[in-house]
Amino acid sequence: MNGMKLDRNDIAILRILQRDASVSQRELAALVNLSQNACWRRINALREAGLILNQSMMLNRKLLGLGLVVFVMLKTRHHSADWLETFRRHVSTIPEVVDFYRIGGDYDYFLKVITNDMDSYDDVYQRLISKVELDSVTSYFAMEAIEEQRPLPL
């Protein structure tokens, strides 16, 4: 955080923005009881400190025809830096992979894949295994999103 100490106003700003980044600066300033200039300076300081990475919109994936969510657990026998870099580059070319983690435990990697349907997921699977050697690929299909893309607990 570049040594930045967050106060209650900074936390309030972050809470509001992560729920709705489209809120106007005037409205945000009123919600946190600051002047517009003070609010603007704080937002800029939060950006410069790296706390605000970007602004985006949450889309309704089902209305866009993206009804299938798959959690993919991967194991590999390869743990070299070169293999990992090749794997990272490869997975990053697959747009349906929306989250990608290296994890501890029985598996080495965790992917969240969002796609249209089972045929589309099979295409993702085929692309995934085409460029790198994997020991095992286990897929879990979500039946219902109970909570999705929740705000960070500040």
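In the protein, 66% of the contacts with a separation of 6 or more are between residues 24 or more positions apart, a contact being heavy atoms within 4.5 Å. The model is a predicted one, in which local features need pLDDT of at least 70 and side-chain atom pairs count only at pLDDT 80 or more, while totals for chains, interfaces and linings use all residues. Residues are numbered from 1 along each chain as its sequence is written, and side-chain values use heavy atoms, with hydrogens and water left out.

The secondary structure comprises five helices and four strands. Helices (H or I, at least four residues) and strands (E, at least two) are DSSP runs numbered from the N terminus. Read from the N terminus, the order of the elements is α-α-α-β-α-β-β-α-β.

The C-alpha trace of the protein spans about 55 × 40 × 25 Å along its principal axes. The radius of gyration of the protein is 20 Å, whereas a compact globule of 154 residues would have a value near 15 Å. This radius is taken over C-alpha atoms, and the globule rule is 2.2 Å times the number of residues to the power 0.38. Of the 154 residues, 29% count as buried. Buried here means under 20% relative accessible area, exposed means over 50%, and partly exposed lies in between (1.4 Å probe, protein chains only). The protein exposes about 10,700 Å², of which carbon and sulfur atoms supply 50%. Accessible areas come from the Shrake-Rupley method with a 1.4 Å probe, and for residues only the protein chains shown count as cover.

The largest pocket has a volume of about 1,400 Å³. Of the 39 residues that line this pocket, Leu-17, Gln-18, Asn-54, Ser-56 and Met-58 are the closest to its centre. Two or more lining residues come from each of helix H1 (8–19), helix H2 (25–31), helix H3 (36–48) and strand E2 (97–102). H1 gives the most to the lining, with four residues. By residue class, the lining of the largest pocket holds 22 nonpolar, nine polar and eight charged residues. Ala, Val, Leu, Ile, Met, Phe, Trp, Tyr, Cys and Pro count as nonpolar, Asp, Glu, Lys and Arg as charged, and the others, Gly among them, as polar. On a 1 Å grid over the protein atoms alone, a pocket is an open set of points with protein on both sides within 12 Å along at least five of seven lines, whereas a cavity is a set of points where a 1.4 Å probe fits but cannot get out; lining residues have an atom within 4 Å of a point. Grid points are joined across faces, edges and corners, and a volume is the space filled by probe spheres set on the points.

Helix H1 contains Asn-9 and Asp-10. Asp-10 counts as buried because its relative accessibility is 3%. Leaving aside neighbours within four places in sequence, Asp-10 is in contact with Met-4, Lys-5, Arg-42 and Leu-46. Asn-9 has a relative accessibility of 11% and therefore also counts as buried. Not counting residues up to four places away in sequence, Asn-9 touches Val-32, Leu-34 and Arg-42.

Asn-33 lies in the loop between H2 and H3, and it counts as exposed because its relative accessibility is 71%. Gln-149 lies in the segment after strand E4 (136–141); at 54% relative accessibility, Gln-149 likewise counts as exposed.

Separations between C-alpha atoms were computed for several residue pairs. Met-57, in the loop between H3 and strand E1 (68–75), is exposed, with a relative accessible area of 67%. Met-57 and Asp-20 are 37 residues apart along the chain, and their C-alpha atoms are separated by 8.4 Å. Thr-93 is in the loop between H4 and E2 and is exposed, with a relative accessible area of 56%. The C-alpha atoms of Thr-93 and Asp-117 are 19 Å apart, at a distance of 24 residues along the chain. Glu-85 belongs to helix H4 (residues 81–92) and, with a relative accessible area of 37%, is partly exposed. Glu-85 and Arg-15 are 70 residues apart in sequence, with 35 Å between their C-alpha atoms.
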